[in-house]
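Me: I would like to learn how to read a fold feature by feature, going from a general idea to the case at hand. Could you take me through one?

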Amino acid sequence: MNFMITKALVASGGPSGRTRREFLRQASLLLAVAATGSPSVALSRAADKAGGSAKGTLVGSNVYGWGQYAQRDHKTLEVEDVISALRDTGYVYLETFLDVKRPDENGHFAERLRAKGLQPVSLYTGARLHESDKAKEAVAQVLAAAKVCQRAGFSVLSCNADPIGREKTEEELKTQASALTDLGEGLNSLGMKLGVHQHMPEMANHAREFHYDFRHTKPGVVGWCYDVHWVWKGGVMPLDGLKEYGERVVTWHLRQSRNGVWWEDLDVGDVDYAAVAQYAKEHRLARRFSVELALEPGTKITRSVVENHRRSREFVRRVFES
């Protein structure tokens with residue numbers, strides 16, 4: 001996800017026919033719903049426990065590409081229309097941007113999702129975490145908004161630490177890693193998960209910032225929103241990233257390119273998603289997949305945004321849920 005543009009866009013029956021194990025699993029899920037008061041949180045936790053099971057898979061879409069298509073067509077982005085289109089094409093959630101300044105709006109967004117049959121699952125945010133005199137305040141603001149999110153049923157927050165137009169110093173990265181730890185611990189206390197996200201700035205100089213954030217934090221505290229294509233574009237091959245940090249994955253962003261240019265839908269191309277899906281299944285990694293289509297100069301558009309998302313949903317079904 002391109003952070004600068006995102007800122008501009010800133011939003012059962014009985015046991016008959018089932019095995020005893022399946023029945024007990026569903027019973028446990030119902031108990032989890034009662035304990036949390038939130039079906040979405042319980043379902044999301046069940047997805048973690050299900051690991052490689054396709055039944056535990058949650059497939060959503062990030063709003064970024066929808067905004068780009070609207071911009072391209074000189075239209076206003078209508079989130080209600082996006083939610084309806086996602087429901088009709090087989091998705092279960094829409095990931096948009098955490099509203100830090102108006103925390104209650106995150107709860108209202110969850111209500112809009114549920115009104116059309118979708119779930120609140122994850123939100124995305126940036127945060128200025130590298131400044132020693134401001135990092136704690138930034139974390140506190142995000143956590144204040146996260147309290148509303150948790151009550152509304154969201155379970156994951158994806159965070160891309162703000163880029164600053166240059167590589168961060170060692171001291172700045174140290175401050176950032178400490179802030180990410182504070183944020184992760186705060187979210188954990190709410191029953192939520194933190195997933196660190198990367199764009200190209202974090203991948204500069206042999207992915208220095210990318211590696212630093214993970215090598216100076218704990219996996220159970222600072223997780224990973226694995227945007228497979230951005231990390232690949234930054235020089236870390238998909239399976240290499242998974243072998244080193246796969247245990248941190250709490251959610252995914254999925255996009256494709258061909259010959260280095262973003263493709264209009266999620267399909268075969270530069271990234272070998274079949275190998276990624278196999279690794280995720282074998283290692284029982286979290287199964288929250290956000291399709292994040294995007295446009296750049298050279299992207300060939302031959303279909304509507306809705307059709308490209310429908311085709312992308314089918315790709316996820318074939319590759320990640322088979």
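Reply: Let us begin with a helix, where helices (H or I, at least four residues) and strands (E, at least two) are DSSP runs numbered from the N terminus. The expected span of a helix is 1.5 Å times one less than its number of residues; helix 13 (residues 305–320), with 16 residues, reaches 22 Å from its first C-alpha to its last, close to the 22 Å expected at 1.5 Å a residue. This is a predicted model, in which local features need pLDDT of at least 70 and side-chain atom pairs count only at pLDDT 80 or more, while totals for chains, interfaces and linings use all residues. Residues are numbered from 1 along each chain as its sequence is written, and side-chain values use heavy atoms, with hydrogens and water left out.

Me: Which residues of helix 13 are buried, and what covers them?

Reply: Buried means under 20% relative accessible area, exposed over 50%, and partly exposed in between (1.4 Å probe, protein chains only). In helix 13 the buried residues are V305, N308, H309, S312, R313, F315, V316 and F320. Seen down the helix axis, these buried residues of helix 13 fall within an arc of 160 degrees (taken from the directions from the axis to the C-beta atoms), so they line one face of the helix. Their cover, with contact meaning heavy atoms within 4.5 Å, includes strand 1 (58–62), helix 4 (63–72), strand 7 (249–254), helix 12 (273–282) and strand 10 (288–291).

Me: In what order do the strands close into a barrel?

Reply: Two strands pair if DSSP finds at least two bridges between them. Here eight strands close into a barrel in the order 1-2-3-4-5-6-7-10, with parallel pairing. Neighbouring strands of this sheet are turned by 30 degrees against each other on average, direction ignored, where axes are lines fitted to C-alpha atoms, for helices over the stretch in contact, and angles run from 0 to 180 degrees between N-to-C directions.

Me: What joins strand 7 to strand 6, and how many bridges pair strand 7 with strand 10?

Reply: Strand 6 (residues 223–227) is joined to strand 7 by four bridges, the two running parallel, and W224 has V249 of strand 7 as its bridge partner. On the other pairing, strand 7 and strand 10 are parallel over three bridges; W252 stands opposite F289, and H253 has S290 as its bridge partner. Strand 7 is also mostly covered, since six of its six residues are buried.

Me: Which way do the residues of strand 3 point?

Reply: In strand 3, S122, Y124 and G126 point one way and L123, T125 and A127 the other, yet all are buried. With six of its six residues buried, strand 3 (residues 122–127) is therefore largely enclosed by the rest of the structure. Strand 3 pairs in parallel with strand 2 over two bridges, and F97 stands opposite Y124.

Me: Which members of the largest nonpolar core touch the most others?

Reply: In soluble globular proteins, nonpolar side chains tend to be buried together. A nonpolar core is a set of buried Ala, Val, Leu, Ile, Met, Phe, Trp, Tyr and Cys residues joined through side-chain atoms within 4.5 Å. The largest one has 75 residues, of which L94, L129, F154, F210, W252, L254 and Y273 touch the most other members. Helix 7 (residues 135–152) supplies the largest share of this core, nine residues.
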